[in-house]
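I opened the model to look up a few things and kept notes as I went. The entries follow in the order I made them.

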Amino acid sequence: PMMARSLLYRLVMHGNNGVKVNQSLFKEVHTTQHGLMRVFQVINVSQESKDWVKDPKNRVCDAPGSWYCVGQYPPALDKLIAKRKSFAQLEDFNKGGGD
């Protein structure tokens with residue numbers, strides 16, 4: 001299928017129909033009894049990224065000391081994030097500008 005190259009597809013389908021995730025990057029740590037939910041651990045994370053995430057100055061919170069902080073990625077992922085593509089539908093009628 002067209003989605004076979006996506007990470008999400010591989011994580012969901014891991015172990016079915018010959019689909020596998022890269023075992024040097026991901027480790028399956030939990031699967032529910034009927035396989036409806038899986039938890040994967042990301043492995044081989046650099047110490048630099050771990051230190052960046054732990055540093056409180058890199059948290060973007062709605063108020064100082066708040067429990068609600070939006071996600072933010074370490075700078076090491078900037079090149080990868082720059083390559084991402086929007087998952088917006090081709091026929092997204094909410095965007096306007098359509099025929």
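Predicted model: local features only at pLDDT ≥ 70, side-chain atom pairs only at ≥ 80, totals over all residues.

Residues are numbered from 1 along each chain as its sequence is written, and side-chain values use heavy atoms, with hydrogens and water left out.

Entry: secondary structure. I took helices (H or I, at least four residues) and strands (E, at least two) as DSSP runs, numbered from the N terminus. I found three helices and four strands. Along the sequence they run α-β-β-α-β-β-α.

Entry: positive phi. I looked up N44 and read a phi of about 60 degrees, positive although the residue is not a glycine. N44 sits in the loop between β2 (38–42) and α2 (47–54). With a relative accessible area of 64%, N44 counts as exposed.

I then turned to N17, also not a glycine, and read a positive phi of about 55 degrees. The loop that holds N17 runs between α1 (7–13) and β1 (26–31). N17 has a relative accessible area of 73% and is therefore exposed.

Entry: disulfides. How many disulfides does the rule give? I counted pairs of cysteine sulfur atoms within 2.5 Å as disulfides, and the count came to one. The disulfide joins C61 to C69, with an S to S distance of 2.0 Å. I read its handedness from the torsion about the S-S bond of C61 and C69: the value is about 85 degrees, so the disulfide is right-handed.

Entry: whole protein. Of the 99 residues, 10% are buried. I looked up the accessible area (Shrake-Rupley method, 1.4 Å probe; for residues, only the protein chains shown count as cover). The protein exposes about 9100 Å², and 56% of that comes from carbon and sulfur atoms.

Last, I checked contacts, meaning heavy atoms within 4.5 Å. Among contacts between residues at least 6 apart in sequence, 12% join residues at least 24 apart.

Notes: Buried < 20%, exposed > 50% of the residue type's maximum accessible area, 1.4 Å probe, protein only.
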